[in-house]
Amino acid sequence: HSPSDGLVVGSISLEAWTGTDGFAEASSMLPVEGGMLLALQQFDQLDGWAPEGGTILRAPCDGSSTQTLYELGPSPTLIGHPTPGRFGVKTGTYGPLDGAVHLVDDQGLSMETLVTESALGVDITAAGMTESHLVYITTDSDWNYAVHCQSLETGATTTGVTTSSFLSDI
């Protein structure tokens, strides 16, 4: 969009990343130097929203080609990080323990898995990052929620709030 009048001045095609249902479900965007990152959830809407994977794209502002950065697990969501060139990604669908939270170094194109749903035995429903910590919400099969804080340096985790009330996001 144009900063002066808000009108659309360009767009990108997601056609190359559509699933079997013909759609590419964009779940989140994150501004980065020279463009944006885009998370695609890739569900099959015609088969009860069955997950077909997930992809992180880089879309440059200069109109050059959109690039696939990472092919990930189902339903990725981007998580901002205060350090330029770093960001997080949360993956996973509700129910099956198929998700994780990753820390990505976009400069070195490396990805570190910080925590997995299978290791925890619960769903990770939301996550946020500071320079030194991952903060994430989990829920079990009885819909009990907990907020956890994990050191990015040591991996040590503490649990703060626990509740049966719905916690939607961080």
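1. Two strands count as paired if DSSP finds at least two bridges between them. Strands themselves are DSSP runs (E, at least two residues), numbered from the N terminus. On that basis, strands in the order 1-2-5-6 form an open sheet of four strands with antiparallel pairing. Its edge strands, each pairing on one side only, are strand 1 and strand 6 (67–72). From one strand to the next the twist averages 20°; axes are lines fitted to C-alpha atoms, and angles run from 0 to 180 degrees between N-to-C directions.

2. A note on the basis of these points: this is a predicted model, in which local features need pLDDT of at least 70, side-chain atom pairs count only at pLDDT 80 or more, and totals for chains, interfaces and linings use all residues. Residues are numbered from 1 along each chain as its sequence is written, and side-chain values use heavy atoms, with hydrogens and water left out.

3. I56 has Y70 in strand 6 as its bridge partner.

4. Another open sheet of four strands has the order 11-12-13-14, again with antiparallel pairing. Strand 11 (123–129) and strand 14 (157–163) are its edges, each pairing on one side only. The twist averages 20° from one strand to the next. Strand 13 (residues 145–151) runs antiparallel to strand 14, and five bridges join them. Y145 has T163 in strand 14 as its bridge partner.

5. The largest pocket has a volume of about 320 Å³. A pocket here is an open set of points on a 1 Å grid over the protein atoms alone, where a 1.4 Å probe fits, with protein on both sides within 12 Å along at least five of seven lines; lining residues have an atom within 4 Å of a point. The volume is the space filled by probe spheres set on the points, which are joined across faces, edges and corners.

6. Of the 12 residues lining the largest pocket, S11, I12, A59, P60 and C61 lie nearest its centre. Strand 2 (35–40) and strand 5 (54–60) each supply at least two residues of this lining. The lining has five nonpolar, seven polar and no charged residues (Ala, Val, Leu, Ile, Met, Phe, Trp, Tyr, Cys and Pro count as nonpolar, Asp, Glu, Lys and Arg as charged, and the others, Gly among them, as polar).

7. The second largest pocket holds about 210 Å³ of space. It is lined by 14 residues, with P31, V32, E33, P84 and G85 closest to its centre. Strand 1 (26–32) and strand 8 (86–91) each supply at least two lining residues, and strand 1 gives the most, with three. This lining divides into five nonpolar, five polar and four charged residues.
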